[in-house]
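Open the model in your viewer and keep the selection tool ready.

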Amino acid sequence: MADGLRRLVGAESGRVLQEKLESWYRDYEINSCDQNLNRCCEIIELNSQIQGQLFTILNETSQEGGHYAGVETIKTRLLPWLGTCFSCATSERLFETNLSLTQDSFERERQLRELASSQTFQLQELQEELTSTRLQLNHVQQELARSRSPSPRHSENKSPSPLPLRSCSPGRARRTNASRRACLVARFGDIYAQERLDAETLLRTYISDMEMVQRIIYIAAVESFHAAKMAYRQFKIRVRETLSLGHSGPESLEDTVLDYIVRHEDLYDVQASVNEVIRSMNINPKISFPPEIDFIVISTLIRELCRVAFSMQTLIPPLDIAFGTDGELFSETKYHRSFDSDFTAALVAYHVWPALMENDVVIVKGEAVTKRGALWSHRSRSRGRSRSRSTSPLLSHHLSRSRSPSPLRSGSPSKWAY
């Protein structure tokens, strides 16, 4: 026993423990959180070492006293102290259990509140649908009454309703802006991964030059966004003119117009935009196509791009594609390099896919090809390429087909024509 106690005294562990405590107390306010925690852990480790040595001395001392010596001391002092330690640990476990149960209770209450809110929103949607149905029924009844009226004067004064009467939830466009934006960004990525590759495979059956195929697809994307934005502006003007005649509500006219467009995107004449894109591509000097086939073969890609671009104009703020030109400085933040690019080249030879932008921030990177000297060789080839070819019979027949007018153009042609 004397040896163990002598070693403990010689190690001066108690004095070291006291010095560490004093040092920690002096530096506590200037230490960081991590430094204070490290100091505390050091003191706990040193204290545990001292306690281990003391228990060893306790064991040796009790053995020197025989079977019965020291029993009373252990019963009156050591065992109650140990019991107090274990009771503290038990109370801590009980506290943790109560805390866990409280958190579970709060989580259940939160779920119940969300469920109640969702049911309330669904009820509002059903009420809106019911209101819409009633408005449509009243409109049909009025039209029937007018058609049965024998007075020709009444028939002449009847003004057609160019916009269908469907109810709109006030502020719906702004409420759903975030979810619609996420869906449209994802759809833009899907078009790049699916429809673009399908169009590329289809074009390769007619064109052996991979660069020309990629140029055609990129220009189709650029022209699709341009045509869709023009169609959106015209559509918005007509909606504003019509709704301004009887607008009266808590929200502004612009919000009402935006809500209407979001709810009636099916009225967008996407085929007219597709035809406009094909016409623009036929006169673009950067691309060419065999005379027996026309760009109508990639109309599926163009149609999907026009739909996405039109819907992106209803967002706040709207999304658009980045402007790109051959020979521009390659931007790592805006484009990925194509796998066959020269990664040491600093200029863009041509673009494969446009970048998607929100104001001046890149949302989805595009793809570009960088090659040394490729830009100048393409320009020399472009000078000798002739674009004076007639429109194919397939496209002429497609553009001349008569299409049934949409509900927006059911009124006066001079007022509602695109």
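Select helix 11 and colour its buried residues: Ser299, Leu301, Ile302, Arg303, Glu304, Leu305, Cys306, Val308, Ala309, Phe310, Ser311 and Met312. This is a predicted model. Helix 11 is mostly covered, with 12 of its 14 residues buried. The buried set includes Arg303 and Glu304 as well as Leu301 and Ile302.

Now check the length. Helix 11 runs over residues 299-312. From first C-alpha to last, the helix reaches 20 Å, close to the 20 Å expected at 1.5 Å a residue.

Next, show the aromatic rings. The whole structure holds 7 aromatic pairs. One of them joins Tyr232 and Phe310. Select both rings. Tyr232 and Phe310 are both buried.

Move on to a group of rings. Select Phe188, Tyr192, Phe225 and Trp353: ring pairs link these residues into a cluster. The charged end of Arg196 sits over the Tyr192 ring, 4.1 Å from the ring centre.

Last stop: select Phe330 and Arg337. Arg337 lies over the face of the Phe330 ring, at 4.2 Å from the centre.

Notes. Residues are numbered from 1 along each chain as its sequence is written. This is a predicted model: local features need pLDDT of at least 70, side-chain atom pairs count only at pLDDT 80 or more; totals for chains, interfaces and linings use all residues. Side-chain values use heavy atoms; hydrogens and water are left out. Helices (H or I, at least four residues) and strands (E, at least two) are DSSP runs, numbered from the N terminus. The expected span of a helix is 1.5 Å times one less than its number of residues. Buried means under 20% relative accessible area, exposed over 50%, partly exposed in between (1.4 Å probe, protein chains only). Rings of Phe, Tyr and Trp (its six-membered ring) pair if their centres lie within 6.5 Å; planes under 30 degrees apart count as stacked, over 60 as edge-to-face and the rest as tilted. A charge sits over a ring if NZ of Lys or CZ of Arg is within 6 Å of the ring centre and within 35 degrees of the ring normal.
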